[in-house]
Amino acid sequence: MKIEILEKLLNHCRKKSPWLFHMNSGSCNGCDIELVASIAPRYDVEQLGIHLEGSPRHADILCITGPVTYGTLNAVKTVYAQVPHPKAVVAIGSCGASCNAFAGSPTVVGPLYRHIPVDVYVPGCPPRPDAIIEGIARAAAILGQTERKPLTDEDLQDAPGCGLNEHGPAKGDEPCA
Amino acid sequence: MAWFFLYVERKTIAKMQQRIGPPLLQPFYDFVKLLGKESRGHSTTYSLMMKAWPALSVAVLLAALALLPVFPADGGFSGDLILLITLLELPSMFYILAGFTSRSIYGKVGSMREASLSLSSNLLFLVAVMMIAVSSHTFRLSELATPTASPARWLGLLAIILCIPAKLRLNPFSTSSAEQEIYAGPLTEYGGGDLALWELAHGLEWLVLSGLVVSLAFPRTGIKVADAFIFFVLCIFLVVSLATVAAATARFTIDRSVRIYWHWSVALTVFFLLSAFIFRG
């Protein structure tokens with residue numbers, strides 16, 4: 001009984017304090033710019049506990065932009081190994097999902113899921129900071145679960161968003177401006 | 001209380017930047033989350049010595065906290081100022097050592113910067129402490145806790161307040177943990193539970209340093225509850241002021257930071273020596 005309560009507390013704290021590490025795996029920098037814009041005071045992600053960290057060993061969520069290029073492959077794997085468990089990976093931008101404009105290039109070794117497990121994709125070229133923040137909040141909700149399973153509406157309660165999920169527009173929510 | 005001070009610092013910076021900022025329990029969430037992370041285990045690149053530094057920092061700061069003369073008439077363990085200052089120097093030293101023992105180039109650069117900065121800011125700090133002690137003719141904390149009207153004492157307290165940004169690595173003297181340049185600086189190789197202890201040590205440093213200044217500055221009423229309340233309010237006021245300055249300034253480079261502290265130290269030392277002749281106590 002006691003262990004359950006401690007486990008619940010730990011999961012709650014994991015959800016409430018997602019620390020990021022930002023890595024560029026060969027991106028054109030557009031997504032990087034949007035990511036650091038979303039960390040800026042204008043969007044106030046500190047309310048969700050999000051904090052950009054200087055070292056992958058300090059982070060929970062690894063935010064990777066760009067298609068993985070041949071030169072950054074080892075770096076991506078090394079940094080992923082340096083992030084301590086429990087961790088989540090957010091692929092920011094369409095390059096992480098499909099290589100986007102760079103598909104078929106000889107120096108690109110493929111979308112991110114080929115090399116490390118990805119938890120959240122944030123599509124866009126580049127995605128809006130709002131979308132990036134929603135992606136990070138979803139990753140934080142994933143970290144707050146005991147075992148990894150598909151997110152329920154209850155898990156996403158704190159996640160900001162446009163009120164859209166896989167089932168369509170949520171009732172009573174306004175569309176994002 | 002350490003967590004509350006960390007919260008006040010982050011909330012003040014947030015308000016200065018016209019945003020809402022973290023919820024009240026955020027430092028607590030950070031701490032518990034870090035405790036739940038996988039630890040790095042024991043290896044040649046993550047030695048037992050590295051793990052000792054954060055634990056030692058927390059232990060030393062708790063000891064320093066116990067020495068603070070918040071209720072001077074209480075008796076008990078009335079240490080003296082020299083012991084408190086020694087205990088305060090140690091966490092800074094452990095931070096530097098942590099960077100050097102971590103065998104990471106980022107750690108080395110961060111530690112070199114922190115070492116140069118603490119060398120110059122400690123000069124100002126120690127001269128200020130000497131001024132305060134000499135102006136009251138005592139090193140005992142329980143006697144120092146009652147404020148006097150001498151200008152030397154208040155100038156000494158002001159000088160200590162000027163040293164606090166360097167000791168806490170706040171803007172404008174946050175060069176040793178400059179994320180954009182050296183990743184996480186001395187703490188780059190730390191993770192999990194040890195990082196939780198470093199964050200706790202940082203919160204305790206806030207508490208001890210602001211507690212030191214406030215407990216040497218405010219008049220006691222004799223009623224414990226009122227004294228505790230005034231102490232707390234003045235500490236929060238100090239935290240808010242320092243966080244406001246941190247939010248409003250940018251980071252100085254290391255040579256500029258060191259030069260600023262050397263200038264202030266020289267100015268204060270000249271004043272100290274002159275006042276020792278002119279005022280005579």
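Visitor: What kind of model are we looking at?
Guide: Residues are numbered from 1 along each chain as its sequence is written, and chains are lettered from A and ligands numbered from 1 in the order in which they are written. Local features need pLDDT of at least 70, side-chain atom pairs count only at pLDDT 80 or more, and totals for chains, interfaces and linings use all residues, for this model is predicted.

Visitor: Where in chain A does pLDDT stay under 50?
Guide: pLDDT is the predictor's confidence in each residue, from 0 to 100. Its mean over chain A is 82, and 82% of the residues reach 70 or more. Where pLDDT is low, the predicted coordinates should not be read in detail. In chain A, that value stays under 50 over residues 161-177.

Visitor: How many helices and strands does chain A have?
Guide: Both are DSSP runs numbered from the N terminus: helices are H or I with at least four residues, strands E with at least two. Along chain A they run α-β-α-β-β-α-β-α-β-α-β-β. That comes to five helices and seven strands.

Visitor: Why is strand β4 of chain A described as largely enclosed?
Guide: Side chains in a regular strand alternate between the two faces of the sheet. In β4(A), A:Ala88, A:Val90 and A:Ile92 point one way, A:Val89 and A:Ala91 the other way, and all are buried. The strand (residues 88-92) is largely enclosed by the rest of the structure because its buried residues number five of five.

Visitor: Which residue of β4(A) is the bridge partner of A:Leu62?
Guide: Strands pair if DSSP finds at least two bridges between them. Strand β3 of chain A (residues 61-65) runs parallel to β4(A), joined to it by five bridges. Within this pair, A:Leu62 is bridged to A:Val89.

Visitor: Which residue of β5(A) is the bridge partner of A:Ile92?
Guide: Strand β5 of chain A (residues 120-122) pairs with β4(A) in the parallel sense, over three bridges. There, the partner of A:Ile92 is A:Val122.

Key:
Two residues are in contact if their C-beta atoms, placed from the backbone, lie within 7 Å. A residue is buried if 20 or more other C-beta atoms lie within 10 Å of its own, exposed if 12 or fewer, and partly exposed in between; C-beta atoms are placed from the backbone.
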